[in-house]
Amino acid sequence: MLFIVATPIGNLEDITLRALRVLREADLIIAEDTRHTGLLLKHFEIPHKPMISLYKEVEIDKINDILASAKELKVVLVSDAGTPLISDPGYKLVREALTQNLPIESVPGPNAAITALTLSGLPPDKFLFLGYPPEKESHTRQVLEKYQNLNATIIFYVSPHKLLRFLGLLKEDREIVIARELTKIHQEIWRGKPSEALVKFSKPQGEFVVLWNAKLS
Ligand code: SAM
């Protein structure tokens, strides 16, 4: 059996009872960064488990070994934070598990996009999660143009070292919401124009979700 287990995005109290039980019962944990997950287990006094690290570059190579284990054992997939697969590894593993008719369970929990959406004050009824903007600036421009008239809240994950470049590509015709360090001590939900955001976050630190495009009423 393969379990997909969400873990906290900052505040460790956000782990679910089910996540703790499944992690405690796991025979093998598939983690992005095994040291990071080791600390999580330690915090919750879960005995150390055999672990395999899974990140984008090695996902394909490790799938068959992981699924062979999952036929015999309880295998748990976690990422460093939040819900696995969501801008994190695991999609190819899940696809192949389905192809091989292997049972999968999801243990839902924290996710930065949904947490940001609920705090943003932007319409939550229709939203589009676009993950990280493309590497190339020209591709990001194309994406922004493509969705600029969509009647929905658009959610991006933006890493701190790319935040200013990304904000610089947004038009001034609407407000954006920036959710920073969600569930952590320095959590901040900021609303304003892109040019104001450039001033406010001139030295970006922490983790950011940028929400865009919804018409504010
Ligand atoms: N799988 C995770 C989830 O379910 O949200 C996302 C992992 S992705 C590699 C990391 C990105 O998620 C960060 O660059 C940031 O955009 C966003 N993120 C994760 N934790 C966050 C937090 N506590 N506050 C704001 N954004 C966060």
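User: Is Glu105 buried or exposed, or does this residue lie in between?

Analyst: This is a predicted model, and in it Glu105 has a relative accessible area of 31%. Residues under 20% count as buried and those over 50% as exposed, so Glu105 is classed as partly exposed.

User: With which residue does Glu105 form a salt bridge?

Analyst: A salt bridge is assigned when a side-chain nitrogen of Lys or Arg lies within 4 Å of a carboxyl oxygen of Asp or Glu. Here the side chain of Glu105 meets that of Arg18, with a distance of 3.0 Å from N to O. The two residues are 87 residues apart and link distant parts of the chain: Arg18 belongs to helix α1 (residues 17–25), and Glu105 to strand β5 (residues 104–107). Arg18 has a relative accessibility of 33%, so this residue too is partly exposed.

User: How many salt bridges does the structure hold?

Analyst: There are ten salt bridges in the structure. One of them joins Arg180 and Glu188, whose closest N and O atoms are 2.9 Å apart. Both Arg180 and Glu188 are buried.

User: Which lysine forms a salt bridge with Glu188?

Analyst: Lys200 does, and the closest N and O atoms of Lys200 and Glu188 are 2.7 Å apart. This pair also connects distant parts of the chain, twelve residues apart: Lys200 is in helix α8 (residues 194–200) and Glu188 in strand β9 (residues 188–192). Lys200 is partly exposed because its relative accessible area is 41%.

Terms used
Residues numbered from 1 in each chain as written. Predicted model: local features only at pLDDT ≥ 70, side-chain atom pairs only at ≥ 80, totals over all residues. Heavy atoms only, no water. Helix = DSSP H or I, 4+ residues; strand = E, 2+ residues; numbered from the N terminus. Buried < 20%, exposed > 50% of the residue type's maximum accessible area, 1.4 Å probe, protein only.
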